[in-house]
Amino acid sequence: MTTKGKHDCSGQVPKSMGFGRRGCWKNATIERDGKWYCRQHDPEEVKRRREEYNRAWDEKYRAEKDAREAKVARARLVRQRSRQAIEALRRIVMNRIVIGDDEWSLLASIDAERILDDLEN
Ligand SMILES: [Zn+2]
């Protein structure tokens, strides 16, 4: 409850030079449990700011964690698909599976063989 009259803020602020804290010099306008506070040091406001800060930090942390996990999952998928693609190429080359009886298929098969050779060396 706010009443007329001047009150000193019960909040503490860091000393501008050196260590320690001293009383806040602002005029208090808010009363909580018999003590007076300025807007900045109002315990309800301090609590609200701290909760907001924690919430923002949690969100940031969760977003970063999700991004890291998505990146790991993506890398795992790429590795898995790469192994499958290599295996598919190997079957094509080893079994001489020719999709079409044309020069493009022959060249593709030669390319595939070179790629497999590079990977094995
Ligand atoms: Zn204050």
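Helices here are DSSP runs of H or I with at least four residues, strands are runs of E with at least two, and both are numbered from the N terminus.

The model is predicted: local features need pLDDT of at least 70 and side-chain atom pairs count only at pLDDT 80 or more, while totals for chains, interfaces and linings use all residues. To make selections, number residues from 1 along each chain as its sequence is written.

**Whole chain.** Show the protein as a cartoon. Two helices and four strands are present, and from the N terminus they run β-β-β-β-α-α. The radius of gyration, taken over C-alpha atoms, is 35 Å, well over the 14 Å that the globule rule gives for 121 residues, so the protein is more spread out than a compact globule. That rule is 2.2 Å times the number of residues to the power 0.38. Along its principal axes the C-alpha trace spans about 100 × 35 × 20 Å.

Of the 121 residues, 6% count as buried. A residue is buried if 20 or more other C-beta atoms lie within 10 Å of its own, exposed if 12 or fewer, and partly exposed in between, with C-beta atoms placed from the backbone.

**Strands S3 and S4.** Asp 33 is in the loop between strand S3 (30–32) and strand S4 (35–37). Its phi is near 50°, a positive value in a residue other than glycine. Asp 33 counts as exposed, with 6 C-beta neighbours inside 10 Å.

**Helix H1.** Next select residues 43–95, which form H1. This helix has 53 residues and reaches 77 Å from its first C-alpha to its last, close to the 78 Å expected at 1.5 Å a residue; the expected span is 1.5 Å times one less than the number of residues. None of the 53 residues of H1 is buried, so H1 lies largely in the open.

Stop at Arg 74, a residue of H1. Arg 74 is exposed, with 10 other C-beta atoms within 10 Å. Draw a distance from Arg 74 to Phe 19: these residues are 55 apart along the chain, and their C-alpha atoms are separated by 50 Å.

**Helix H2.** Select residues 103–120. The 18 residues of H2 should span 26 Å, and the end C-alpha atoms are 26 Å apart, which agrees. The number of buried residues in H2 is zero, so this helix also lies largely in the open. Glu 103 belongs to H2 and is exposed, with 8 other C-beta atoms within 10 Å.

**Where the helices meet.** Show H1 and H2 together. Their axes come within 10 Å and cross at roughly 125°; axes are lines fitted to C-alpha atoms, for helices over the stretch in contact, and angles run from 0 to 180 degrees between N-to-C directions. That makes H1 oblique to H2, since angles under 35 degrees count as roughly parallel, over 145 as roughly antiparallel, 65 to 115 as roughly perpendicular and the rest as oblique. Ile 86, Leu 89, Arg 90, Ile 92 and Val 93 of H1 make the contact with Ser 109, Ala 112, Glu 113, Ile 115, Leu 116 and Leu 119 of H2. Two residues are in contact if their C-beta atoms, placed from the backbone, lie within 7 Å.

Finish on Arg 90, in H1. Arg 90 is partly exposed, with 16 other C-beta atoms within 10 Å. Arg 90 and Glu 113 are 23 residues apart in sequence and 7.8 Å apart in space, C-alpha to C-alpha.
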